[in-house]
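Student: I'm new to this one. Could you take me through the place where the ligand sits, step by step?

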Amino acid sequence: MNVAVLASGTGTNLQALLDQVHGSDGVRIVAVASDNPSAVALARAEDASVATASFPASEYPGRADRDRAIGDWLLSHGTELVVLAGYLQLLSKDFLARFAGKVINVHPALLPAFPGLHAVEQALAYGVKVFGVTVHFVDEGVDTGPVILQRAVAIPEARSEQDVMEHLRPLEHQLLPEAVRLIAAGAVRVDPDNPRRVLIER
Ligand code: GRF
């Protein structure tokens, strides 16, 4: 399965994919794109000899045009699955229709709690004792698509975002490659009786 990754930042999740699934388990990372030309994620991809491109908002009249260009580029690399790994832009309806059921995201909270930006800060402000990570299909909402994998961790003494991320990073770096592996193996399907439920056949 040819996988593309969209990332805006440091790309540690991209690195986990490059290290754990790229070139094995029937998975190949074929393209990495960013809205941010100086994203560290792009350098990580280059180091792994993966094709890169950046699509800064300032170069397009609007999101629809930019997402069309991103989609064209991804398809020109044979992309079959799009992984959002810290991609800080919303994707247009047309982009999602073009890659229907083939876009996934990793989020640092137990959805549906704390969607959107600053999820860990939201969770800390709420005072929760259990944090977690969700990998989900992307739909038109903000972090509202069906959940593929989810893992929780109790951090009763959490004080700062950094404390929490120290616990969540390893979970993200485990869960996202696992989800990609399962999808590539054809082990992930949506329950025909309830499209919110994702069934995993291990
Ligand atoms: C991760 O915490 C992920 O859950 C969120 O954005 C962050 C990306 O981190 N969507 P990195 O760029 O992969 O290091």
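Predicted model: local features only at pLDDT ≥ 70, side-chain atom pairs only at ≥ 80, totals over all residues.

Now, the largest pocket has a volume of about 1000 Å³, and that's where the ligand sits. The pocket's lining counts 40 residues, with Gly-86, Tyr-87, Leu-88, Val-106 and Leu-117 nearest the centre. By type, that lining splits into 16 nonpolar, 16 polar and 8 charged residues. Helix H6 gives the largest share of it, 4 residues.

Let's zoom in on the ligand. Its surroundings include Thr-10, Gly-11, Asn-13, His-107, Pro-108, Met-165 and Arg-169. The shell around the ligand is made up of 3 nonpolar, 6 polar and 2 charged residues. Helix H1 (12-20), strand E5 (103-107) and helix H6 (161-184) each bring at least two residues to that shell, and H6 gives the most, with 3.

Another pairing puts an N or O atom in the side chain of Thr-12 at 2.6 Å from an oxygen of the ligand. Val-106 takes part through its backbone, where a polar atom is 2.9 Å from a ligand nitrogen. As for cover, the ligand on its own has 370 Å² of accessible area, and the protein covers 85% of that.

Definitions and conventions:
Residues numbered from 1 in each chain as written. Heavy atoms only, no water. Near = heavy atom within 4 Å. Polar contact = N/O pair within 3.5 Å; in protein donor to acceptor, adjacent residues only side chain to side chain. Areas by Shrake-Rupley, 256 points an atom, 1.4 Å probe, with all protein chains shown as cover. 1 Å grid on protein atoms, 1.4 Å probe; cavity = no way out; pocket = protein on both sides within 12 Å on 5 of 7 lines; lining within 4 Å. Sits in = over half its atoms within 2 Å of the grid points. Nonpolar A, V, L, I, M, F, W, Y, C, P; charged D, E, K, R; others polar. Points joined across faces, edges and corners; volume = space filled by probe spheres on them.
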